[in-house]
Amino acid sequence: MRVTRDELKNLIKNKLNKAGLTEEHADGVADVLVHADARGVHSHGAMRVEYYAERIAKGGINTNPDFKFEKTGPTTALFDGDNGAGHVAAKLAMDEAIAMAKENGVAVVGVRRISHSGALSYFVQQAAKENLIGISVCQSDPMVVPFGGAEPYYGTNPIAFAAPGEDDIITFDMATTVQAWGKILHARSKNESIPDTWAVDKNGEATTDPFSVNALLPIAGPKGYGLMMMVDVLSGILLGLPFGNKVSSMYHDLSEGRNLGQLHIVINPEYFTNLETFKQNITTTMTDLNNIKPAPGFEQVSYPGQRSAQREAAYMEKGIEIVDDIYEYLESDVVHNDSYGNKDPFAK
């Protein structure tokens with residue numbers, strides 16, 4: 001099923017508004033979700049709406065949050081999201097970080113007590129569109145076995161980076177697992193199998209059945225394990241929030257706020273080098289990578305974020321592709337089907 005960007009955004013916005021979000025906050029969440037779908041990251045797009053709608057309806061997302069921004073130093077600050085929509089809080093916190101970095105060269109803003117905030121690429125691109133470097137990390141609920149372990153401890157704990165070139169943005173957004181949990185959900189929604197390198201079942205054995213997944217695997221073994229530890233420290237322990245296996249479950253109790261943490265770091269290139277030279281060199285990096293001789297089976301080396309940007313351009317012309325069942329849900333009068341409430345994170 002293909003829909004225009006505006007149609008998809010309006011469908012999502014209307015559904016979240018019906019669930020209880022204000023029109024302004026529903027619009028903000030919809031913008032982030034459509035960004036993900038438009039770049040082909042469907043695991044963080046419209047497929048999340050029914051879950052958000054149920055959590056909103058059950059009180060687990062504050063529909064009237066008291067957002068508070070407090071500077072703690074010339075280049076540091078805290079943004080309290082009061083367990084409101086994480087997408088909105090993270091976007092507003094990045095706006096503040098951008099303003100601080102323009103004034104002082106660097107900004108580090110901790111975002112406390114928020115719900116799930118979606119694709120981090122959205123927030124780092126906010127900075128890059130203002131000729132700044134953006135870095136963002138956030139914690140998530142425990143669903144990954146540490147290297148050498150058989151029980152989940154950390155979350156997928158993603159990392160994102162973006163920097164401006166002359167005409168494009170180089171963007172890197174990854175989970176510290178081989179794949180994000182949303183990819184498991186996407187496979188379930190399409191009833192497709194998964195590679196045996198993504199996850200393990202309850203016995204710690206590799207599985208290709210998305211419905212049998214009990215835990216995800218860290219990317220590159222001990223290296224991914226170390227990265228997810230770093231993210232947990234920066235977005236949990238540093239902000240005085242629950243950490244490790246104490247982070248709240250995404251699906252277990254939808255009536256409670258999640259109290260998640262996120263950290264934005266913004267760097268102003270003008271404080272370190274000439275801005276135009278910096279952007280030219282980013283563009284040169286992109287061109288150099290594209291011109292590298294491709295390995296067998298590849299047509300071209302892509303720079304980080306290039307294929308997502310190409311998908312976005314194609315979707316702008318042809319429409320965004322979403323699963324038929326998700327479109328039918330968005331178009332329907334149903335707000336949610338009580339399909340997530342009080343379930344284990346790995347419930348089928």
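**View 1. The cavity.** A search of the whole structure turns up one cavity of 30 Å³ or more. On a 1 Å grid over the protein atoms alone, a cavity is a set of points where a 1.4 Å probe fits but cannot get out. This is a predicted model: local features need pLDDT of at least 70, side-chain atom pairs count only at pLDDT 80 or more, and totals for chains, interfaces and linings use all residues. Residues are numbered from 1 along each chain as its sequence is written, and side-chain values use heavy atoms, with hydrogens and water left out. The largest cavity has a volume of about 40 Å³; a volume is the space filled by probe spheres set on the grid points, which are joined across faces, edges and corners.

**View 2. The cavity lining.** Leu21, Val29, Tyr52, Ile56, Ile61, Ala85, Gly86, His87, Ser115 and His116 line the largest cavity. Lining residues have an atom within 4 Å of a point. Helices α3 and α4 (86-104) each supply at least two residues of this lining. Helices are DSSP runs of H or I with at least four residues, strands are E runs of at least two, and both are numbered from the N terminus. By class, the lining has six nonpolar, four polar and no charged residues. Here Ala, Val, Leu, Ile, Met, Phe, Trp, Tyr, Cys and Pro count as nonpolar, Asp, Glu, Lys and Arg as charged, and the others, Gly among them, as polar.

**View 3. Helix α1.** Helix α1 covers residues 5-19, 15 residues in total. At 1.5 Å a residue it should span 21 Å, and its end C-alpha atoms are 21 Å apart, which agrees. The expected span is 1.5 Å times one less than the number of residues. Buried residues of α1 include Leu8, Leu11, Ile12 and Leu16. Buried means under 20% relative accessible area, exposed over 50%, partly exposed in between (1.4 Å probe, protein chains only). The buried residues of α1 pack against β1 (2-3), α2 (23-38), α3 (49-57), β11 (320-321) and α10 (324-331). Contact means heavy atoms within 4.5 Å. Just after α1, Gly20 takes a positive phi of about 135°.

**View 4. Lys183.** Lys183 lies in helix α6 (residues 181-189). At 27% relative accessibility, Lys183 counts as partly exposed. Not counting residues up to four places away in sequence, Lys183 touches Ser43 and Trp198. The C-alpha atoms of Lys183 and Trp198 are separated by 9.6 Å, with the two residues 15 apart along the chain.

Notes: 1 Å grid on protein atoms, 1.4 Å probe; cavity = no way out; pocket = protein on both sides within 12 Å on 5 of 7 lines; lining within 4 Å.
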